[in-house]
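Please view the sequence and the model together before reading on.

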Amino acid sequence: MAEHRVVMVGGGLAGLSAAMKLAELGVAVDLLSLTPVKRSHSVCAQGGINSVNDLTRQEGDSEWKHFDDTVYGGDFLQHQPPVKEMCYWAPRVIDLLDRLGVTFNRTSEGFIDRRRFGGTLYKRTAFAGATTGQQLLYVLDEQVRRWTSEGRVTKYEFWDFLGPILDDNGRCRGAVAQDLATMEIRSFPADAVIVGSGGPGLIYGRSTMSMACNGSAASRCFRVGAKFGNGEFIQVHPTAVPGADKLRLMSESARGEGGRVWVPRKPQDTRDPLTIPEAERYYFLEERYPKYGNLVPRDIATREIFNVCTQEGLSVEKDRLGVYLDLTHIPRATLDRKLSGILEIYEKFQGVDPRDVPMKIFPAVHYSMGGLWVDYERTAEGGLKLGSPRNQQTNIPGLYAIGECDYQYHGANRLGANSLLSCIFSGLIVAPGIAGMLSLQKSKAAEGPAKLYDAARQQHEQAHQRILKRRGGENPYLLHQELGQIMTRAATVVRYNDILKDAIGKVEELERRAGKCSLSDTGSWTNQNVVFTKALVDMFPLARTILAGALARDESRGAHFKPDFTMPGLGEGSAAERRAEAESWCDTFEESTRRWLKTTVAEYGSEGQIDLSFEDVDTSLIPPRPRLYGLVGAEIIEQVWKERQAGRNRSSPADGITTIRPTPKLKNKQTPRIGMLRIPYKDAMSHTNGDHPPKFFEVRVLRQDAPGERSYWQRFRVEREPDMNVISVLQRIAAMPHTVDGSDVAPVAWDCNCLEEVCGACTMVINGQVRQSCSALVDKLLSDGATEIELRPMTKFPVVRDLVVDRARLFRGLTKIQGWVPVDGTYDLGPGQRQSPKEQETAYPYSQCMSCGCCLDACPQYLKIELTRHEGETEAEFRKREQTAFDEAFIGAHAIGQTVLHNTHPTGRMIADERLDAMMQSGGIQDCGNAQNCVAVCPKLIPLTTAIGQMGRATTVRAIKKWFDK
């Protein structure tokens with residue numbers, strides 16, 4: 001008999017928390033993920049997760065203040081009931097994560113340590129070094145793996161969501177998805193579909209987001225009728241470092257731990273920054289914002305850095321925009337304990353140690369505050385009605401959105417460390433509403449008419465074949481580069497209407513060209529070329545939505561900054577004149593609030609046009625007020641505003657006016673300080689090292705078209721560029737797949753996602769060494785006069801295609817050892833047990849294991865297993881036989897290390913004996929040859945040989961004990 005099922009699209013923090021909670025509530029889940037869930041973009045989040053805590057309460061903090069900071073930081077452009085509920089749930093969310101095994105940093109008393117993040121004056125941010133997102137993602141993945149082992153969750157990793165299935169009444173009844181290995185297209189009946197697919201950063205070409213963040217899942221929902229809210233609000237993070245493949249985040253945690261942003265007062269001062277005296281350093285954030293200093297909200301910090309480099313000409317280098325982010329005054333031990341994750345990223349990708357030399361950073365596209373429009377049900381107290389099926393539901397019944405791809409929680413600007421909270425919170429609250437709804441439904445989607453699902457599948461199959469058959473069109477990779485340049489120039493730090501109008505026309509023309517582009521790979525196995533092309537086509541509706549919303553919104557609010565419509569500070573004059581000017585300022589602010597404190601709601605029209613409307617925002621809990629960070633005359637403006645508010649009836653509802661009228665101009669003649677200069681794209685948002693003479697090198701790639709087929713070598717010629725790594729080399733080959741002899745070939749298939757050496761996806765053998773390709777820098781590989789780079793797939797896993805391998809066996813090992821903390825549920829059971837800093841520091845290295853497989857590829861005892869399906873054998877029979885083979889072969893160092901991690905945890909050790917028993921079975925610790933290759937190649941320097949020795953002793957003791965217990 002069929003059961004109720006939910007399709008979860010996306011395996012990041014939001015998707016995993018929803019899947020975990022649904023499974024706990026007895027609902028079966030099909031989890032679709034573009035990447036293996038441990039590779040999801042959430043792994044890149046670095047700094048921490050927010051909540052009020054016992055320490056901040058002693059300083060006068062409260063959940064209400066966290067709520068106030070969030071809506072104030074977001075310029076009041078978010079409905080307040082969901083935000084309030086999130087902030088009040090936050091302590092419970094962190095307690096849950098603590099119990100699940102997150103290796104949070106600890107105080108000397110054993111409590112969770114905290115740091116301060118931007119937009120707040122309290123230390124609310126819990127953190128696990130500078131890899132918090134990774135740690136949160138892994139513990140949620142462990143819980144979902146636990147439910148998978150019990151049959152409640154079925155994972156479909158490496159599957160691409162193609163779109164929702166709607167019935168004749170417009171209700172979502174399932175989803176269509178494509179296996180990215182076999183290219184099979186399949187329909188998944190579902191009683192509800194949840195989309196938690198992250199943001200659309202790839203629309204901008206390069207950003208801090210992972211390669212999976214293309215926005216295609218949200219766009220595919222948008223194109224069939226789902227509304228999109230506040231698309232124009234794109235957060236540009238103030239601190240990132242350049243790369244030829246992406247821009248790498250340097251977390252706000254660096255500033256939270258005392259990092260200082262500065263430039264020399266002398267333009268392009270060539271002295272060693274450490275020798276520049278304090279008096280000759282310009283700590284501009286501290287001088288301009290003394291209350292918040294380096295931890296002003298991100299939109300403010302971004303514009304100030306942009307302004308200092310472009311308008312004021314104080315970039316630290318002549319031909320590269322950037323400022324110093326300085327940590328050199330902080331003790332090395334503190335940096336290693338609290339920030340090692342991001343410091344290692346900078347050191348590996350920039351070649352210098354930020355403990356000794358100030359980092360060079362510049363803003364980069366980072367996060368989308370906008371997303372799919374979702375509903376909520378409010379209580380009389382102004383919170384959420386928990387268990388309501390309206391919570392997180394789009395305007396399409398049965399289709400839900402959570403995490404970064406919904407618009408609900410951040411308004412016009414996201415506060416740092418609120419993203420992880422909103423992802424997990426939205427996943428936890430969506431589940432009870434869906435479970436309650438399904439309990440009242442007698443019918444099940446799986447029992448619905450087969451023709452509905454067959455028709456949806458056939459529609460996508462036909463579209464897939466049409467793309468494969470195109471000939472004579474343009475190159476999709478080059479079109480994507482054009483799109484990224486247009487979007488970066490028009491809709492990042494500063495926006496101008498003439499540039500936005502021009503960009504809309506160019507994007508529309510690009511979209512027409514993209515609709516005719518053709519492929520260099522027309523194969524039917526692991527065709528990454530066609531997957532990329534589909535994603536490219538789906539970027540255009542969201543790109544046009546971002547631009548249309550930015551053009552329509554003639555104001556400056558949060559991350560959306562239009563210098564032509566900004567509100568400057570007060571000018572010079574007598575007290576009476578400044579008072580009158582403040583009154584005028586408040587008049588203009590009130591008028592702007594009436595006109596523009598609205599959600600931009602976009603709909604995809606019948607002819608493909610973007611139709612905009614504006615929706616009132618629920619500000620009934622905290623009345624909107626001016627956002628006055630660092631504004632000249634802020635004290636007088638704030639005084640006038642408070643006097644006005646005191647004289648009004650605060651209980652009166654908002655007037656709800658939606659009419660858009662011309663903006664009255666302020667009498668003040670002062671020119672706004674920030675962002676008035678128009679900077680060309682190539683100068684403002686990209687990093688170059690100046691012109692260099694063309695240099696080329698060759699890349700030798702071992703290729704294989706499908707599993708079991710013969711391998712062969714191909715050689716490519718690539719132009720050398722600044723900041724290149726192996727991933728950027730493969731990107732260039734994908735865009736121009738021609739061998740050195742001039743032959744046109746299919747692009748090389750490879751695996752990657754985060755490009756920051758935290759997800760583990762891009763492992764391959766480079767010049768004979770197994771390693772991460774994202775951190776393999778071309779300049780180092782070609783040192784000593786070398787002119788060639790050699791790339792091979794990993795040797796111990798079956799090849800899917802070219803450099804892509806199947807690491808299912810690796811993840812199976814984590815199930816064998818029960819690699820999770822056995823908690824009783826996600827209910828409010830309070831925090832986990834206290835741990836000493838020493839315990840945390842012992843466990844933390846093991847928690848950084850990204851399941852990349854380097855240790856296994858280098859291990860002599862870890863032998864390759866590659867089975868083929870027997871004639872007449874069902875898929876289920878084959879998978880069972882495959883898992884048996886996996887379980888009997890050597891488990892490998894990574895699983896041994898994870899056994900140590902979970903047996904160290906206060907709750908995890910409750911089933912320590914069961915893990916040890918698993919480690920004593922066939923393929924266990926006794927098969928280790930102690931070659932020590934594993935520790936030599938581990939990119940995270942995890943003490944794997946220590947773990948092997950520890951487990952060897954523990955299993956010996958366990959065996960003796962069991963013998964005496966007979």
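The model is predicted: local features need pLDDT of at least 70 and side-chain atom pairs pLDDT 80 or more, while totals for chains, interfaces and linings use all residues. Residues are numbered from 1 along each chain as its sequence is written, and side-chain values use heavy atoms, without hydrogens and water.

**Helix pair**
- Helix H3 (residues 63-73) packs against helix H4 (residues 80-100) at about 135°, with the axes 9 Å apart; helices are DSSP runs (H or I) of at least four residues, and strands (E) of at least two.
- Axes are lines fitted to C-alpha atoms, for helices over the stretch in contact, and angles run from 0 to 180 degrees between N-to-C directions.
- The contact (heavy atoms within 4.5 Å) includes Trp64 and Phe67 of H3 and Met86 and Tyr88 of H4.

**Sheet**
- An open sheet of mixed pairing is formed by five strands in the order E23-E22-E26-E24-E25; strands pair if DSSP finds at least two bridges between them.
- Strand E23 (711-719) and strand E25 (769-772) are the edge strands, each pairing on one side only.
- From one strand to the next, the twist averages 30°.
- Strand E24 (residues 763-766) pairs with E25 in the antiparallel sense over four bridges, and Thr763 has Gln772 in E25 as its bridge partner.

**Helix on the sheet**
- Helix H19 (residues 726-735) lies across E22, E23, E24 and E26, and runs at about 95° to E23.
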